Amino acid sequence: MYVSNLVDAHILAAQTLIRAYGQPPQASEMRVDGEAFHVTNEERVNFWDFQRSIAASVGIPVGKEDIKIVPVWVEMAMAGVNEWLCWVFTFGWKQPTVTREAIHLTTVNRTLSNAKARGFLGYFPKVSIESGLAKAGKWFTEEVEMTKSKKVV
C-alpha cells in the first residue's frame, strides 16, 4: 500500500482516540484503543503481478515472453532437495536461500480485509496501487539519477 494511505489510517486512529478521550468507556466492540487494524488498498493483486508492476514502475518491464512458469510441485521438490543438501553439507548450521516455505509464501493467495478500519475509523484508501507504484517508481528513478550525477570524492 502507498505510504500516504497508511498515514491517513494512523491519523484517523489518533482522531478517534482523541474524540474518545474524556468520554465514558464505550461498548467493547466500539473501542479503538488496544485494537489492531488491517489497512489495505482494497485491491486484489497477485504476488508475481505486483513484482512485475514494481519492475515496470522503475523502467524495467517484464514481458509475457520473459516469464517461464515452473509447476509448484517441481519448485517444492527442488526446494526440498536444496534444504536437504544444505543440511547435509553444513551439518544444519546454515539455512538455504530457497526453501519450501519461501515457495509456499510466493504461491499462496491471501487477502486481508480492512472492513474493521473502515467501520471503526472511517478509513478508505485515497491512492490506488497503480498510482502509488507510479509515484514511488518516479521517485526511485529520480533518486538513482541524482546519485549517479553526484561525483564521489
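A: Here is a walk through a helix pair, the loop beside it and then the aromatic rings.

First, some ground rules: this is a predicted model, where local features need pLDDT of at least 70 and side-chain atom pairs count only at pLDDT 80 or more, while totals for chains, interfaces and linings use all residues. Residues are numbered from 1 along each chain as its sequence is written, and side-chain values use heavy atoms, with hydrogens and water left out.

Let's start with α3 and α4. Helices here are DSSP runs (H or I, at least four residues), numbered from the N terminus. The axes of α3 and α4 are 8 Å apart and meet at an angle of about 155 degrees. Those axes are lines fitted to C-alpha atoms over the stretch in contact, and angles run from 0 to 180 degrees between N-to-C directions. That makes α3 and α4 roughly antiparallel (an angle over 145 degrees).

Who touches whom? On the α3 side you'll find Val72, Glu75, Met76, Ala79, Gly80 and Glu83, and they meet Arg100, Glu101, Ile103, His104 and Thr107 of α4. Contact just means heavy atoms within 4.5 Å. Sorted by class, the contact of α3 with α4 has 4 nonpolar, 3 polar and 4 charged residues. Nonpolar covers Ala, Val, Leu, Ile, Met, Phe, Trp, Tyr, Cys and Pro; charged covers Asp, Glu, Lys and Arg; the others, Gly among them, are polar.

Now look at the loop between α3 (72-90) and α4 (100-107), where Thr99 sits. Leaving out residues up to four places away in sequence, Thr99 touches Ala79 and Glu83. Thr99 has 16% relative accessibility, so it counts as buried (buried is under 20% relative accessible area, exposed over 50%, partly exposed in between, with a 1.4 Å probe and protein chains only).

On to the rings: the structure holds 2 aromatic pairs. In one, Phe37 and Phe120 have ring centres 5.9 Å apart and planes at 65 degrees, so the pair is edge-to-face (rings of Phe, Tyr and Trp, using its six-membered ring, pair with centres within 6.5 Å; planes under 30 degrees apart are stacked, over 60 edge-to-face, the rest tilted). This pair joins distant parts of the chain, 83 residues apart: Phe37 is in the loop between α1 (3-20) and α2 (47-57), and Phe120 is in helix α5 (residues 115-121). Phe37 is partly exposed at 22%, and Phe120 is partly exposed at 23%.

The pair of Phe47 and Trp48 is edge-to-face too, at 4.8 Å centre to centre and 85 degrees between the planes.

Technical notes. Helix = DSSP H or I, 4+ residues; strand = E, 2+ residues; numbered from the N terminus. Parallel < 35°, antiparallel > 145°, perpendicular 65-115°, else oblique.
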